[in-house]
Amino acid sequence: MNNYQCFVRLNKHSTISCTVVHVKNTRGKPVTREEILSKKPLHVLEKIRENLERLNEKMEVMIELQRHGQKDVQPLNDAPLDVMTLLSMPDHLRKTAMTICRCGRATAEEVAQQTNRARAVESAYLNQLVIMGYLKKERQGRKAYFYADRDS
Amino acid sequence: MSKIVAVHSYKGGTGKTLISVNLAASFAKHGKKVCLFDLDFRAPSLFAILKIENTEFWLNDYLSGKCDINKVLIDLSNRIQGNGKFFAALANPSTKAIREMSAKDRKWEMRALGRLLSLRNTLLNDQEFDFLVFDTSPGLQYSSINAIVTADFVVVATTADRSDVDGTRRMLRELYNLFEKKTGLVINKVLDPISKSKNAEMDTRVRNVYQVPMLGLVPCFCEVLRAEGNFIFAQDKPNHPFTKIMDEMAKQIEANEVN
């Protein structure tokens, strides 16, 4: 009973705001009002928020893909983030990738502080770099950390 | 303040090593804790200039993850006058090592970049070095671009040679600008020494041609050529005009006055 899935409906413009329709537990059964109230309501809300944040990130990637075109984002498997790759990247991604190179490991918020761009924008660029295979992403609680995997 | 300084050029023979060594020596002479890195793995030269016979670990070993950076650093502070500290990290000059370094793949270069970037923490933050000076290989090579990406400030050495001017302009536009690097131009081997008023005129011309500030103008000194690499001018010839130019450059970089 520890894990819950949150199902949401996007509004008609596919923007990031969304409405929680209902919550199911991992066995696929809807969570009853009594269950939410009697068991772990805070935990359920936390899961809802986490799922919304993940959805948010995916939406940001989609928006960025539309803005810059698909050609910039070719998925690769564990592509090395070396200097020649950095040189060939589009400017907006290079800035983000360079920041991760310098920091080693950082959240979108931390990258945004360095680049003076919005957190949501950095989150989108970081996720693009993950899709392209240049960065790895790791979740620790509510925070998502991005890093270049130099050990594999 | 620019803590990591890379000395780079488009072509070879522009005086990168001479500038790197003397810049580092000038920092040390003024009481700074400095480390000079030989990142020219295709043509290592610092071991000869600093007259170091042998060492157990090389910079090659550090970048390959075989040892800690402290195993590579050689303390040469006893060769420097004053309270400064002068260290060097050398590239392995053996033919085998040069061949091996030329054959490294992209994954290795990516890890090497990570290890260069980590010097900011290990040397600048933890061991309180004031400056790291990178002597790089010319042109667009992995080791030199890794050094540029790591650096806070790039000293671009060039000459009046037409091919050098053209290549340097392209490199400024297509390399340093892309990495948003702060740069200063040093024009070396200038044949006609010019007056101070002409210096300002030259500065304007350099800004027009290269779109970057001029850090220094180095006349072609016969004494430097005659020294055949046997002296570190900034240390051994404190009153020589070349030393004065190097000291002024070091002062400008330290004061962050290059703009």
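**Figure 1. Packing of helices α5 and α6 in chain A of the predicted model.** In chain A, helix α5 (residues 108–115) and helix α6 (residues 119–131) pack with their axes 8 Å apart and at an angle of about 110°, where axes are lines fitted to C-alpha atoms, for helices over the stretch in contact, and angles run from 0 to 180 degrees between N-to-C directions. The two helices α5(A) and α6(A) are therefore roughly perpendicular to each other, the word being used for angles of 65 to 115 degrees, whereas angles under 35 count as roughly parallel, those over 145 as roughly antiparallel and the rest as oblique. From α5(A), the residues A:A108, A:E109, A:V111, A:A112 and A:T115 meet A:R119, A:E122, A:S123 and A:L126 of α6(A), contact requiring that the C-beta atoms of two residues, placed from the backbone, lie within 7 Å. The residues of this contact of α5(A) with α6(A) comprise four nonpolar, two polar and three charged; Ala, Val, Leu, Ile, Met, Phe, Trp, Tyr, Cys and Pro count as nonpolar, Asp, Glu, Lys and Arg as charged, and the others, Gly among them, as polar. Helices (H or I, at least four residues) and strands (E, at least two) are DSSP runs, numbered from the N terminus.

The model is predicted, and local features need pLDDT of at least 70, side-chain atom pairs count only at pLDDT 80 or more, and totals for chains, interfaces and linings use all residues. Residues are numbered from 1 along each chain as its sequence is written, while chains are lettered from A and ligands numbered from 1 in the order in which they are written.

**Figure 2. Two residues with positive phi, A:N116 and B:K189.** A:N116, in the loop between α5 and α6 of chain A, is a residue other than glycine with a positive phi, near 60°. With 7 C-beta neighbours inside 10 Å, A:N116 counts as exposed. In chain B, B:K189 belongs to strand β7 (residues 182–190), and its phi is likewise near 60°. B:K189 has 19 C-beta neighbours inside 10 Å and so counts as partly exposed; a residue is exposed if 12 or fewer other C-beta atoms, placed from the backbone, lie within 10 Å of its own, buried if 20 or more do, and partly exposed in between.

**Figure 3. The open sheet of chain A.** Three strands of chain A form this open sheet in the order β3-β5-β4, with antiparallel pairing. Strands β3 (105–106) and β4 (136–140) of chain A stand at the edges with a single partner strand each, so one side of each is left without a neighbour in the sheet. Five bridges join β4(A) to strand β5 (residues 143–147) of chain A, and A:R139 has A:A144 in β5(A) as its bridge partner; two strands pair if DSSP finds at least two bridges between them.

**Figure 4. Strand β2 of chain B and its parallel partners.** Strand β2 (residues 33–39) of chain B is mostly covered, six of its seven residues being buried. Five bridges connect β2(B) with strand β4 (residues 85–89) of chain B, and here B:V34 stands opposite B:F86. Six bridges connect β2(B) with strand β5 (residues 131–136) of chain B, where B:D38 has B:D135 as its bridge partner.
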